[in-house]
Amino acid sequence: MSSVTHIPLTHETVLRRHAQLISDSYFLGLEVGHGWLSLVERMLSDLEQLVEPGHEAIKVTDIKSKAGELHVSLEYYSDKIDEIIEKFEAEALKTCEFCGQPGRPRGPGWPITLCDEHAASEGRG
Ligand SMILES: [Zn+2]
């Protein structure tokens with residue numbers, strides 16, 4: 001038996017781990033499904049690599065899902081920050097927001113990015 005206990009990521013854990021990246025004056029929230037938490041976690045880890053002493057801090061103000069897309073807002077942007085965020089926004093469009101399996105945006109109406117299984121259980125094509 002493995003000695004490593006698998007602890008599922010929670011929204012709280014992700015925010016606590018990357019507290020230095022979260023705006024303390026203006027943070028709207030982390031509003032995505034559990035399927036996207038691991039990619040948000042990886043995105044914040046990559047952003048953290050950009051933080052160097054003496055440089056402007058990275059302050060995230062909002063992480064949310066909207067119409068099947070991941071949207072990330074910050075107090076300041078740079079080309080390197082944009083590059084990382086765009087990479088994970090593209091990954092989110094191919095990741096089920098419920099479970100993290102491969103997926104795509106599904107209607108009808110306001111899209112949600114879902115795998116085949118969750119599209120079926122949600123009554124979406
Ligand atoms: Zn799914």
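This report looks at a helix, a sheet and a loop residue in a predicted model.

## Helix α2

Helix α2 covers residues 37-50. It has 14 residues, and at 1.5 Å a residue these should span 20 Å.

Four residues of α2 are buried: Val40, Met43, Leu44 and Leu47. They cover an arc of only 95° around the axis, which puts them on the same side of α2. The general rule is simple. An α-helix has 3.6 residues a turn, so residues three or four places apart point the same way.

What covers these buried residues? The cover includes helices α1 (11-17) and α3 (79-92). It also includes strands β1 (30-31) and β2 (60-66).

## The sheet

Three strands form an open sheet. Their order is β1-β2-β3, and the pairing is mixed. β1 and β3 stand at the edges. Each has a single partner strand, so one side of each is left without a neighbour in the sheet.

β2 and β3 pair in the antiparallel sense, over six bridges. Aspartate 62 has its bridge partner in β3: serine 73. Strands of a sheet pair through backbone hydrogen bonds, either parallel or antiparallel.

## Alanine 67

Alanine 67 lies in the loop between β2 and β3 (69-74). Is this residue buried or exposed? Alanine 67 is exposed, because 12 other C-beta atoms lie within 10 Å, and a residue with 12 or fewer counts as exposed.

Proline 111 is 44 residues away along the chain, yet the two C-alpha atoms are separated by 4.8 Å. Leaving aside neighbours within four places in sequence, alanine 67 is in contact with Trp110 and Pro111.

Conventions
Residues numbered from 1 in each chain as written. Predicted model: local features only at pLDDT ≥ 70, side-chain atom pairs only at ≥ 80, totals over all residues. Helix = DSSP H or I, 4+ residues; strand = E, 2+ residues; numbered from the N terminus. Expected span 1.5 Å × (residues − 1). Buried ≥ 20, exposed ≤ 12 C-beta atoms within 10 Å, placed from the backbone. Arc of directions from axis to C-beta. Contact = placed C-beta atoms within 7 Å. Pairing = 2+ DSSP bridges.
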